[in-house]
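Please look at the sequence and the structure as they are shown, and I will then take you through selected features.

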Amino acid sequence: MIAHFKDLCLDAADAHRLGAFWAGILDGKLVDTGDGDTRVHPRAASSDAESIWVNTVPEPRTVKTRVHLDLRLADPDPAALLAAGARLVREPDTEIDWWVLADPDGNEFCAFPSEPGSRPRPLALVVDAADPVAQATWWSRVVGGTVETSDDGYARLVDASGFPWDYWIFMPVPERKAVKNRMHWDVGLADPAPTALFEAGATLLRERDDEIDWWILADPEGNEFCAFAPRPTQ
């Protein structure tokens, strides 16, 4: 195992506005990081891996979201999310039994009705992929876990190190990635440098430098992710 799943990051036109929305629908605490960005930490989170860092960026969202969360609702329908500022994109129909919504910045996410005995929370991280099995297999080499496949082309990674939700799903789509993802994930390295990630096939996008203390990399299909060195031990 090369690394563990660390957390999520979400680009925003206004990190305070978008962070407040996600904190509200996830029953989370909104933290002002002091640099124009925010962090959402769900109150019922089992670990910091459930945190979402919301980062202000100058460029607007222009294309379909390739990385999104699936949410388990607190209620039978998403009325509370719509009241909080979400926009309805698609209702359940003969093909899907969930709602597709968009946050105030237009980032799509899926909302599933409540179930007896389950708490409202994120239940899956979903990533568009040209080759879902190859992507899930590559990430299993990085963060461990088991790859499960389905007849309809989906692949999911379960029991990945540090992953806080039920499923990490790679979903087949016909279009290739064209622009920077608005949502990405971070990993914590097992070693002080990402050498093993390079050997596995990751691409370096930006070196650790005087401005950032992490590396920005891309997986084989170009999905950006950040890699953090282990914290020094005393």
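This is a predicted model: local features need pLDDT of at least 70, side-chain atom pairs count only at pLDDT 80 or more; totals for chains, interfaces and linings use all residues.

A disulfide requires the two sulfur atoms to be within 2.5 Å. Cys-226 is likewise in no disulfide, its nearest cysteine sulfur being that of Cys-9. The structure as a whole holds zero disulfides. Both cysteines are buried: Cys-9 has a relative accessibility of 5%, and Cys-226 has a relative accessible area of 8%.

I turn next to helix α3. This helix covers residues 132-143, and its 12 residues reach 16 Å from the first C-alpha to the last, close to the 16 Å expected. Its buried residues include Ala-136, Trp-138, Trp-139 and Val-142. Just after α3, Gly-144 takes a positive phi of about 75°.

Let me now move to the aromatic rings. The count of aromatic pairs comes to 16. In one of them, Trp-138 and Phe-225 have ring centres 6.4 Å apart and planes at 65°, so the pair is edge-to-face. This pair links distant parts of the chain, as Trp-138 is in helix α3 and Phe-225 is in strand β16, 87 residues apart. Trp-138 and Phe-225 are both buried. Ring pairs also join them into a cluster whose members include Phe-5, Trp-139, Phe-163 and Trp-185.

Finally, two charged residues deserve mention. Lys-6 lies over the face of Phe-228, 4.3 Å from the ring centre, while Arg-39 lies over the face of Trp-53, at 5.4 Å.

Technical notes:
Residues are numbered from 1 along each chain as its sequence is written. Side-chain values use heavy atoms; hydrogens and water are left out. Buried means under 20% relative accessible area, exposed over 50%, partly exposed in between (1.4 Å probe, protein chains only). Helices (H or I, at least four residues) and strands (E, at least two) are DSSP runs, numbered from the N terminus. The expected span of a helix is 1.5 Å times one less than its number of residues. Rings of Phe, Tyr and Trp (its six-membered ring) pair if their centres lie within 6.5 Å; planes under 30 degrees apart count as stacked, over 60 as edge-to-face and the rest as tilted. A charge sits over a ring if NZ of Lys or CZ of Arg is within 6 Å of the ring centre and within 35 degrees of the ring normal.
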